[in-house]
Every structure is written in C-alpha cells, then in structure tokens.
Amino acid sequence: MKPSMTTLHPRHMRLILASTLLFATFGAASTMMPAPAFAQSADEIEQAKQHFFDGQKAYQDEDFDAAAKSFLAAYELSERAELLYNVGKSYWMAENLLEAQDYLQRYINAMPEANNAEEVIEAIIEIQQELATQMATVQVTASQPKLEVFVADEDTPRCKIPCAVSLMPGEHTLSVHPAGAEVIKKKITLKAEEQASLNFAIPGQLLIYSDQRSGTVEVAGSGSYSLPMDAAIGLAPGSHNITVTGPDGAFWEGTVEVESGELSEVSLPMASTIPAPEGQGISTLRTVSFALAGLAVGLGAGGAVMGMQAADTHDTLGQRQSALGSVDAAMVEQGRSQQLGANILYAASAASLLAGAGLFTWDLMSGESEEIPASKPAPKSAPEPVEADDDDDLLGL
C-alpha cells in the first residue's frame, strides 16, 4: 500500500520515488487507458513514449525539473491524463508548488474517479497550506490615493491604494491606472514571507503658453519640447527647472511646481525680455548735439516771444506820442529791455544750434565716439510665470 502523500514532506518523498509514479504505456498495450481526444500518428506515439521514458529516468536521477518537462511533453503528444499526475508530482518534488498544484488539480479534473484521487486531493490541500506560509506581503502606496492595484494581466483589481497585496515568492508586475494618464507598471521580486513596500509616483502634467509663436522649452532631466505646445507633458511631482527660449533672444528661466495627477498650466509673457540689437546704442556726441538742438529751438521761441512784446511796446509808445505829444520814459526803458532780451535769446539760440550741428558732424565723421550701451533685461529677472485659467486670453496662440 502506498504511503499517504499528506504524511510526507516533498523532501522526504524522495525515498519512494518509483512507487508513487503512474507508469503509462503506449501503443497496443494502452487499451486500459481512456482514448485520446484525437488519433495520434505512429511517429507521435513513438515520440511520446521516448519523452515518458526520459521523464522516468530523470525522476529516478532526482532531476525533477527535467522529469516534469519530459512528462509534460509526453502528455502534449498523447493527451493521456495519467501523465498530468506525473507532471504535478515531479514539480512538487522540485518544490515548484504553484506548478505542482496546477497539474495535480488538472489530473483530478480529468480523472475524478482515479484510484489515487483521494490522496491527490489531500496533496493539493497540503500544497495550498504550504503556499500560504510562503506568501509575501507588499504594502502599496502612491502619491494619489484610491487608485486600483492590478497584478500582472489580471482584469480584476486586487485593492485600492493604500493597501496590502499578498503574493507568492518570485517576480511580479503591479500596475495602477491613473485617470487621464498612461498605465504605470512596476516590477518587484519577493522572497518567501517577505514584507515589502512599493510606491507609485503618479506624474503630473505641465502645459506652457507663451506670447512667442515659436521656441524651445527645456525641462531639466526630462527633455526638450517645442513652442507652441500642442499637448501637456508628463512630469514627476515636485519642482522642475525650466528654460524657455524664443526668437530674437526672448528668454525665461525659472522653477515650476508640478503636482501629482494634476495639470499645471503656466503663461509666460516673454516679449519684454527681448534685448535691443547690439550696435544700436546712441553715442555721447550725438546725444549732446540733439540736446543742443533742442535748446536752440527753446531759446529761439523765447526770443520770438520777447521780440513780439518789444514790438507791442513800441507800437504803444507811438500811439501815446501821437495822442499826448509826449513819451513815457518808463515804457521806453521797458521796450529797450524787451528788445535786448529778445536779441540775447536769438543769439544764444543760434550759438546752440551751431554747436549742436558741429557736434553732430563730428560724430558722423569720427565713427569712434563712446557709446551708451543699449539696455538688456537680465534673463533671470524676467516676468514671473502666470498661472493660466479659462479666462486668460493673454496669448492668443
């Protein structure tokens, strides 16, 4: 009588290797086995027999992984359900519990009335208990709560973040599906009974608007993007150093905050950062000549006013002399002062005009005058970014 499989640990079962295997036969001697689902060719039967004998030898040599593969190859060619037991038993001896459970369960499903069915069911229960003791636990968190956690290609989520997921030892792929963003996947390798953690940093999105109709956006550590932006770019939550350059020297550099799972929209009015073209400053001599020309105009206007006042005084004196036959000495002196002031202003205006013209001519002829440099706004003192909203029509891109 065979010992019960539930009373032996897989390591101890090596002592009864041959006695626990089901020895399938092929060809004419196979009439006692259920008929396969399809008729095999003679060549396929020969291949199945060879795989079976290879599996027997590997099992007796305690190469259990090789035995499982050979028995599985024999099963795929012959479709004899008895071989599923041999596959499952070999995997169990190799301590590959998940595969052992799977093939032993397939054996019972295919042959529920098998002589060893009760022992195999007990073995499956024992494997499941052993699997439970080996389960690892992963604490899953994310920068965005309540996301569903999926394992591998499962259609049903295991839980919602924050939560714990129980998994067998080995490599697993966990994923989350943030709204409006691509699926984020992470791999983790677990040991038996390990307590591990896994965090998903849900990216935010950044969209930059500018009054420049072309240009480049450089995001440190992320990449380069073109203006105008057609779509938001995904970035990890936190601070990002941004450099934006436009045509004609427009420039902005600064830091932008991106929040997890959120869309950050930033408007950059950059027209004020465009520097004046080099070589377009105004020379000192030319500046002075323009100032003297302006002074000459002012002095000439003053002289004209005083000249008109002197003319009015002269006309008044003439009228009084005709009417009274006498001249007011004070008025005569006033007229003389007005005329003198007008003459002085005319002279000063002429002198200023001549001096300005001379300096202007000197500047044109010398070509080496000292220049007042054109002002250039410092790049880092450019306007701060403006958070865009639905009513922002600053740019009109």
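Biologist: What does the accessible surface of the protein chain come to?
Modeller: About 22,800 Å², and carbon and sulfur atoms hold 54% of that. Keep in mind that this is a predicted model.

Biologist: How many helices and strands are there in the protein chain?
Modeller: The protein chain has seven helices and 17 strands.

Biologist: And what share of the residues counts as buried?
Modeller: 35% of the 397 residues in the protein chain.

Biologist: What about contacts between residues 24 or more positions apart?
Modeller: Among contacts in the protein chain with a separation of 6 or more, they account for 61%.

Biologist: Let's take a helix. How does the span of α2 compare with what its 15 residues should give?
Modeller: Helix α2 covers residues 64–78, and at 1.5 Å a residue it should span 21 Å. The C-alpha atoms at its ends are 21 Å apart, so the two agree.

Biologist: Is α2 largely enclosed or largely open?
Modeller: Largely enclosed by the rest of the structure, because 11 of its 15 residues are buried. Among them are F64, F71, L72, Y75 and L77.

Biologist: Which helices do those buried residues pack against?
Modeller: The buried residues of α2 pack against α1 (42–60), α3 (82–93) and α4 (97–110).

Biologist: What comes just after α2?
Modeller: E79, which takes a positive phi of about 60°.

Biologist: Switching to sheets. In what order do the strands run in the one with β2 and β5?
Modeller: The order is β3-β2-β5-β6, an open sheet of four strands with antiparallel pairing. Its edge strands are β3 (159–160) and β6 (184–190), and each of these pairs on one side only.

Biologist: How many bridges are there between β2 and β5?
Modeller: Three, with β2 being residues 148–151 and the pairing antiparallel. F150 is the residue opposite S175 in β5.

Biologist: Is S175 buried or exposed?
Modeller: S175 has a relative accessibility of 4%, and buried means under 20%, so S175 counts as buried. S175 is found in β5, which covers residues 170–176.

Biologist: What is S175 in contact with, leaving aside neighbours within four places in sequence?
Modeller: E148, V149, F150, V183, I184, K185 and F200.

Biologist: Now the sheet with β9 in it. What is the strand order there?
Modeller: β10-β9-β12-β13, again an open sheet of four strands with antiparallel pairing. β10 (223–227) and β13 (251–258) stand at the edges, and each has a single partner strand, so one side of each lacks a neighbour in the sheet. From one strand to the next, the twist averages 25°.

Biologist: How do β12 and β13 pair?
Modeller: In the antiparallel sense, over eight bridges, where β12 is residues 238–245. For S239, the bridge partner in β13 is E257.

Biologist: Last topic. How many disulfides does a search of the whole structure find?
Modeller: One. The disulfide joins C159 to C163, with an S to S distance of 1.9 Å.

Biologist: Which hand does that link of C159 and C163 have?
Modeller: The link is right-handed, with 45° about the S-S bond.

Biologist: And are C159 and C163 buried or exposed?
Modeller: C159 counts as buried because its relative accessibility is 16%. C163 counts as buried too, at 13%.

Conventions. Residues are numbered from 1 along each chain as its sequence is written. This is a predicted model: local features need pLDDT of at least 70, side-chain atom pairs count only at pLDDT 80 or more; totals for chains, interfaces and linings use all residues. Side-chain values use heavy atoms; hydrogens and water are left out. A disulfide is a pair of cysteine sulfur atoms within 2.5 Å. Buried means under 20% relative accessible area, exposed over 50%, partly exposed in between (1.4 Å probe, protein chains only). Two strands pair if DSSP finds at least two bridges between them. Helices (H or I, at least four residues) and strands (E, at least two) are DSSP runs, numbered from the N terminus. Axes are lines fitted to C-alpha atoms, for helices over the stretch in contact, and angles run from 0 to 180 degrees between N-to-C directions. The expected span of a helix is 1.5 Å times one less than its number of residues. Contact means heavy atoms within 4.5 Å. Accessible areas come from the Shrake-Rupley method with a 1.4 Å probe; for residues, only the protein chains shown count as cover.
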